[in-house]
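Let's walk through some salt bridges and a helix pairing together.

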Amino acid sequence: MTQIQTGEELGFFILEKNQRLHLNYDVESYSTKREKKWLTASERSYYLRDTILSPIRNEIKKLAESLTNSIRDKKEKARELFYYIVDNYKYVYPPSSRGALSFLECRKGDCGEFSFLYTALCRSIGIPARTIMGSWSYGKMNGHAWNEIFIEDEGWIPVDTSMGNIQKNKWSKFFGSYVKTLPWTRYFGETEGQRVVFSKDTEIEVIPPYSNNENELISLEPLYINNKPFYWGFQSLNGKAPYLQPIYIEFENIDEFKLPHNVSDFFGFWQVKEKGLYRNLLYLRNISFAIGVGLLCISFFLDSLYIELIYKLSFIVSILASIIRKVKVIIFTIFLLIMVLSVVITISQLRSTIIKIEFLTIYHLRFR
């Protein structure tokens, strides 16, 4: 294990053919609360550096300056850059090419491209920035990328331009998912606290050095970085891993690498499981929703107010679990009010039916 510039430890493993590496560990959800409030000169230089994925080019510097020239405060400059990216780019997965330059040109990309461009824009006007590579803290292979900027006396501040863009323009995208969401403006300076981190920046120096395998690369399908072909697992970016999510693979023998392949062949496979209250709420939400759907289907064949009442109460429990997990709180609160009103109506109908049955019974007895 080797400590790298970001402060994390980088591991190196050699695997034989058909051999697998399995790691199991506990990690706290992502937070910047314990990050330090100052940077050394070397750290500041590192987080202002020019890279391939987030290059500091004239066109990027001119764009950042044109957007922020009238603003003096660095945090407000960074906020203005956040608004610019949210408003002017489109979320598309997968992108045709990785990197800030291709994203700047086509204006379409996923969370990685949103993050690479934001890093480049901030660095170009002297704001230390880094792209965070991680995952949502649930499920399998739910990778995500976002940013942190460094502001004196405040420390590292989270910024998520892609989630800001999605919540502003495609608010229904995470409806019904496990992801808690925020109003789009709050993704500058805040996150929902439901993610884990793999690496705190991109283009990480590989130790020991990466040996680029340049033989017969034309036989493989390339990934494009800034519109130039790049062969993942066979090349590095000037000796650096493009990003670790959570690993970067070096294939030794190109002849043994056969198409087709899936994402896990390049990135490895990961699964994240929540613990504690939020995990229990997730189970409660899913189970109660499944019960509600099942009873709703039964109600189409059996006309019973009791079944109707139980499936509506099941949906209420599922909705309450989502609200406590802070998933689409406003929308689910509206659904909750609608379902509560529906339950009140059903209970009223049920009471009327009971009273009617009692009345008919009494009438029948009197008639006799």
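Q: Which residues are linked with R123 in a network of salt bridges?
A: This is a predicted model, in which local features need pLDDT of at least 70 and side-chain atom pairs count only at pLDDT 80 or more, while totals for chains, interfaces and linings use all residues. Residues are numbered from 1 along each chain as its sequence is written, and side-chain values use heavy atoms, with hydrogens and water left out. A salt bridge here is a side-chain nitrogen of Lys or Arg within 4 Å of a carboxyl oxygen of Asp or Glu. By that rule, the network joins R123 with R49 and D201.

Q: What is the distance between the closest N and O atoms of R44 and E152?
A: The pair links distant parts of the chain, with R44 in helix α1 (residues 41-46) and E152 in the loop between β7 (143-151) and β8 (155-159). R44 is partly exposed at 23%, and E152 is partly exposed at 43%. Their closest N and O atoms are apart by 2.1 Å.

Q: How many residues apart in sequence are the parts that E154 and K75 tie together?
A: E154 and K75 form a salt bridge, with 3.0 Å between the closest N and O atoms. E154 lies in the loop between β7 and β8, whereas K75 belongs to helix α3 (residues 74-88), so the separation in sequence is 79 residues.

Q: Is α5 parallel or oblique to α6?
A: The axes of α5 (residues 111-124) and α6 (residues 161-169) come within 8 Å and cross at roughly 120°. Axes are lines fitted to C-alpha atoms, for helices over the stretch in contact, with angles from 0 to 180 degrees between N-to-C directions. Angles under 35 degrees count as roughly parallel, over 145 as roughly antiparallel, 65 to 115 as roughly perpendicular and the rest as oblique. Therefore α5 to α6 is oblique.

Definitions and conventions
Helix = DSSP H or I, 4+ residues; strand = E, 2+ residues; numbered from the N terminus. Buried < 20%, exposed > 50% of the residue type's maximum accessible area, 1.4 Å probe, protein only.
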